[in-house]
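Please keep the sequence and the 3D view open as you read.

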Amino acid sequence: MNRNSSRKQRDLAQIHSLAKTQRTGAKMAKPTSRRAPALAVVLALAAALGALSSTPELSLFRSSAPFWGWPVPRGRFEPVDGAPLLYRMDLPWFVTPFHKETLDVFAIRLHKGGDEFAITDAGGYDTPLHAHATELERALRELLGSSGKLTHVLLTHGHLDHIGGLGRLIKAWPDVKVIFHEAELPFLVDATRAHSPPWYAAGSVGLRLTHVIGFLPRKAFVLPARHAVVLAGKGGDLTKHGVPGVTWTHLPGHSPSHIVYTLSSGIVLGGDIADVLLDPPGVKALPDGRPIVPGKVALFTLTVMADADATVAAASLCRLANDKSLSWQRILPYHDATKAGFTRAQFRTLVEESGACRGK
Ligand SMILES: [Zn+2]
């Protein structure tokens, strides 16, 4: 792997697992003094851009319209084929100006003919490249209509690209409940451990720049405790929490708190347990070192992340694929290059290819 791509991969990993670097105490390299003058100029320019981007009157920077030449279509929730009461919104996510991922946010209509909804997960933050949270709220209002209500956000885990819209959604629907696993609790409700470490001081040059420009959130998001519904244990039913027909299963590894949600239609909303990438930029190999074949879909659970445990993640993947006590037919990941998800048989093949079940 060349130096550029490995740096890009490292930065991606750091961005994605921003919430957890504090936990692991990971230290990132400081720039050398030779870089300092150039860095100062770049940071000064970036700070000016950042100031512009956070000035509400200059709404160009918060627009969801194409910006800096990137065509960003207005997203909307569309019905998911074969899944009654389930809708998907495909949000483009510019991790940096040069790297686009997608986020698939799902909305569940809680009762047939009703107008109460839950969503999984909550998208990314508003950044100069894409007004994520704003866009998510707008699309939700369109789906819900004037009488509809967002009652629950089902978090698979608390990484940045899963909680970015929470602040806006809570403002828009003040009674909304946010459901998540107990292992995520300290990072969502404790300001001292929340999801925004001091990037200026701790990040690599690229990350500092990214933060200054505003691609990363400036302030920690802290979930007000009254919105929190904390799930303890290994799994259960959400009916008693007001989400009928949905069960949850704790499948850690990508993060200690990671859970998936299974709908009564047999669909698993898989979060990051089974990220599916197609030629991810800057990533040339699977976590076990095997090269990614261009054009071929690969299951990449992002186990290179700072807070991930590759062994635990492999066990979770293997369990989801093969454990007969987990009843499901189709999985829809949060980052899905295919946009189609996988049947259980297809998923089992991908898991086998990934080597997750080796020796089990
Ligand atoms: Zn994640």
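pLDDT is the predictor's confidence in each residue, on a scale from 0 to 100. This is a predicted model, and the mean pLDDT of its protein chain is 76, with 61% of the residues reaching 70 or more. Two stretches call for care. Over residues 50–71 pLDDT stays under 50, and the model has 25 contacts beyond four places in sequence for them. Residues 196–201 also stay under 50, with 13 such contacts in the model. Where pLDDT is low, the predicted coordinates should not be read in detail.

Now turn to the sheet. Six strands form an open sheet with mixed pairing, in the order β8-β9-β10-β11-β14-β15. Its edge strands are β8 (235–237) and β15 (342–343), each of which pairs on one side only. Strands of a sheet pair through backbone hydrogen bonds, either parallel or antiparallel. I331 has F342 in β15 as its bridge partner.

Within the sheet, strand β11 (residues 267–269) holds V268. Is V268 buried or exposed? V268 counts as buried because it has 27 C-beta neighbours inside 10 Å, and the cut-off for a buried residue is 20 or more.

Next comes helix α10, which covers residues 310–322. Its 13 residues should span 18 Å at 1.5 Å a residue, and the end C-alpha atoms are 18 Å apart, so the two values agree. The buried residues of α10 are A313, A314, S316, L317, C318, L320 and A321. An α-helix has 3.6 residues a turn, so residues three or four places apart point the same way. Helix α11 (344–354) is included in what covers the buried residues of α10.

In soluble globular proteins, nonpolar side chains tend to be buried together. Here the largest nonpolar core has 68 residues, and F106, I119, V153, L166 and L317 have the most contacts inside it. Helix α10 supplies the largest share of this core, six residues. Not counting residues up to four places away in sequence, F106 touches L86, Y87, R88, I119, T120, L269 and L332.

Key. Residues numbered from 1 in each chain as written. Predicted model: local features only at pLDDT ≥ 70, side-chain atom pairs only at ≥ 80, totals over all residues. Pairing = 2+ DSSP bridges. Helix = DSSP H or I, 4+ residues; strand = E, 2+ residues; numbered from the N terminus. Expected span 1.5 Å × (residues − 1). Buried ≥ 20, exposed ≤ 12 C-beta atoms within 10 Å, placed from the backbone. Contact = placed C-beta atoms within 7 Å. Core = buried A, V, L, I, M, F, W, Y, C linked by C-beta atoms within 7 Å.
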